[in-house]
Amino acid sequence: MRQFDAVVIGTGPAGQRAAIQAAKLGKRVAAIEKERVVGGAAINTGTIPSKALREAVLHLTGASKRGLFGQTFGVQKKVTLSDLIGVSQQVMMHEREVARSHLLRNGVELIEGFARFDDSHQVTVENTEQTERIKADFFFIATGTKPAMPESVPFEANRVFTSDGLLHLDRLPKSMIVVGGGVIGTEYACMMATLGVKVTLVEGRRQVLGFVDEEITEAMQYHMRQNGITMRLGEKVKEISMIDPDKMKSDAAKKSAKVANEEFKAHANDIGQPVVPGDTNGDGIPDMPLVEAKLESGKKLRAQSLLYAIGRQGTVTAMNVKKAGLEASDRERLKVNEHFQTDVPHIYAMGDVIGFPALASTSMEQGRLAACHAFNVEAHSIPELFPFGIYAIPEISMVGKTEEQLTEAGIPYEAGIANYKEIARGQLLGDEQGMLKLLIHQDDRSILGVHAIGTGATELIHIGQTAMALGGKVDFFVNNVFNYPTLAETYKVAALNGMNKLRLI
């Protein structure tokens, strides 16, 4: 039986950082991974594949240049799914090698297999070739999550799928229902619509991305509708089923051909299911199964495919965490304290398995902090200033408080706005719809929040994040020079706009 100072279970962002940090502190470290490749969901099914897919969509369709060259501009008029998946696979393979190289170069021993706890200091690792027992002084659980797949949903390849399944589609559907207006649902809805797929998005709340600043959300929803996405907000899906085309033809046969045809066409226009040559036998009824989503309001939506993007589920129950003295929630999440310790002090958990914010970036930091705490090394972070990045089309990013949070807390503030159309760089990029907003304290002029939507928003946000972390005030942006032409100029324009408003108070 081998003994380690630290054993990390899972090699996603949190696991990688915890393992490498512990190794850099001179500890003997093992990282256990149940898959044949390292990287977890971030590299293999989530963050990297979806962002690579987005970049391929923007490049191959020319979507990012439409404002400059006109709506008809496109690099490729017809984009196949193989074009897109091919780009994603290349990036994924590269990132896997980078992650593996970093772990091995730092002396982390990689062990392939599924880990189950025997007790709080020992796990059994099983793979196709052998079973091994391993002991450790500290354990770090970073097993992440997987898309929720309720039994009531009839998942089927190429028809009804989660975000993992979307990456394995063998062809691009002509229409899609997206259930869920969170980050994953919104990102994929935008990508599919940009590719010309007729998308209908269903979200139980009255807006998508409920945690985002309301003004930014309103702008996002405007962009989505302009891109052809039909939005059913404040609606919940009651039932999802497959519709057999033979049954549709049989039902239609009971009516006159003309009535049936017109009825179907009217319904198709409403739900985003077009009547396309080759998809029907001339009677207006498709010759392939459709997915039907019945809403609680009584509406029925039909499309060629459905992406189910509501919630993610942990995977720790199968690891026998109870034998280690741990209790998982009903979503298989683990509870931790501010140091990422579970109820068993020498067992830490970080990343998606502990819940919000469930970002690759924050997971990396959690892994580093957990390892430092375990081995009594002082480490600092600024968790209240972590940035959000949403890679929809256009992208969104934010750091700090929203207007709604400040209003609820009774904090007096003013908003400084800069629109990309005012910035030369925005014109050069063909993005006239983007904007950046600074939320400024009315009394001490400190920056309380930064919110951006548009090209480069996820890069742009770090300027504001740095200023906030260092206690900077709006004066900093007014008094400093920014390269011209750059999107960074939006900070100066927004600061001047906010200062002008403050002078009137």
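**View 1. A search of the whole structure finds one cavity of 30 Å³ or more.** A cavity here is a set of points on a 1 Å grid over the protein atoms alone where a 1.4 Å probe fits but cannot get out, and its lining residues have an atom within 4 Å of a point. The structure is a predicted model, in which local features need pLDDT of at least 70 and side-chain atom pairs count only at pLDDT 80 or more, while totals for chains, interfaces and linings use all residues. Residues are numbered from 1 along each chain as its sequence is written, and side-chain values use heavy atoms, with hydrogens and water left out. The largest cavity has a volume of about 40 Å³, a volume being the space filled by probe spheres set on the points, which are joined across faces, edges and corners. Leu326, Glu327, Leu334, Lys335, Thr342 and Asp343 line the largest cavity.

**View 2. Five strands form an open sheet with antiparallel pairing, in the order β18-β19-β22-β21-β20.** Strands (E, at least two residues) and helices (H or I, at least four) are DSSP runs numbered from the N terminus, and two strands pair if DSSP finds at least two bridges between them. The edges are taken by β18 (388-390) and β20 (413-419), and because each has a single partner strand, one side of each is left without a neighbour in the sheet. Neighbouring strands of this sheet are turned by 10° against each other on average, direction ignored; such angles lie between axes fitted to C-alpha atoms, for helices over the stretch in contact, and run from 0 to 180 degrees between N-to-C directions. Helix α16 (residues 489-503) lies across β20, β21 and β22 (447-453), and its direction is at about 140° to β20.

**View 3. A second open sheet of five strands has parallel pairing and the order β8-β15-β9-β10-β11.** Its edge strands, β8 (160-161) and β11 (230-233), each pair on one side only. Within the sheet, strand β9 (residues 175-179) and strand β15 (residues 305-308) run parallel and are joined by four bridges, with valine 178 having leucine 307 of β15 as its bridge partner. Helix α7 (residues 183-194) packs on the sheet and touches β9, β10 (198-203) and β15, and its direction makes about 165° with that of β10; contact means heavy atoms within 4.5 Å. Helix α8 (residues 214-226) lies across β10 and β11, running at about 135° to β11.

**View 4. Glycine 196 sits in the loop between α7 and β10.** This glycine 196 counts as exposed because its relative accessibility is 53%, where exposed means over 50% relative accessible area, buried under 20% and partly exposed in between (1.4 Å probe, protein chains only). Glycine 196 and lysine 174 are 22 residues apart in sequence, and their C-alpha atoms are 7.6 Å apart in space.

**View 5. Strand β5 (residues 122-126) pairs with β4 and with β6.** Four of the five residues of β5 are buried, so this strand is largely enclosed by the rest of the structure. Strand β4 (residues 114-119) is antiparallel to β5 over five bridges, and the hairpin that joins these two strands passes through two residues. Phenylalanine 117 stands opposite valine 123 in β5. Strand β6 (residues 131-141) also pairs with β5 in the antiparallel sense over five bridges, here in a hairpin with four residues between the strands. In this second pairing, glutamate 126 stands opposite threonine 131 in β6.

**View 6. Strand β13 (residues 290-295) is paired with β12 and with β14.** Five of the six residues of β13 are buried, so the strand is largely enclosed by the rest of the structure. Strand β12 (residues 237-243) and β13 form an antiparallel pair with six bridges, in which isoleucine 243 has leucine 290 of β13 as its bridge partner. With strand β14 (residues 300-303), β13 pairs in the antiparallel sense over four bridges, and glutamate 292 stands opposite arginine 302 in β14. The hairpin of β13 and β14 has four residues between the strands, and in this hairpin glycine 298 takes a positive phi near 100°.

How values were computed: On a 1 Å grid over the protein atoms alone, a cavity is a set of points where a 1.4 Å probe fits but cannot get out, and a pocket is an open set with protein on both sides within 12 Å along at least five of seven lines; lining residues have an atom within 4 Å of a point.
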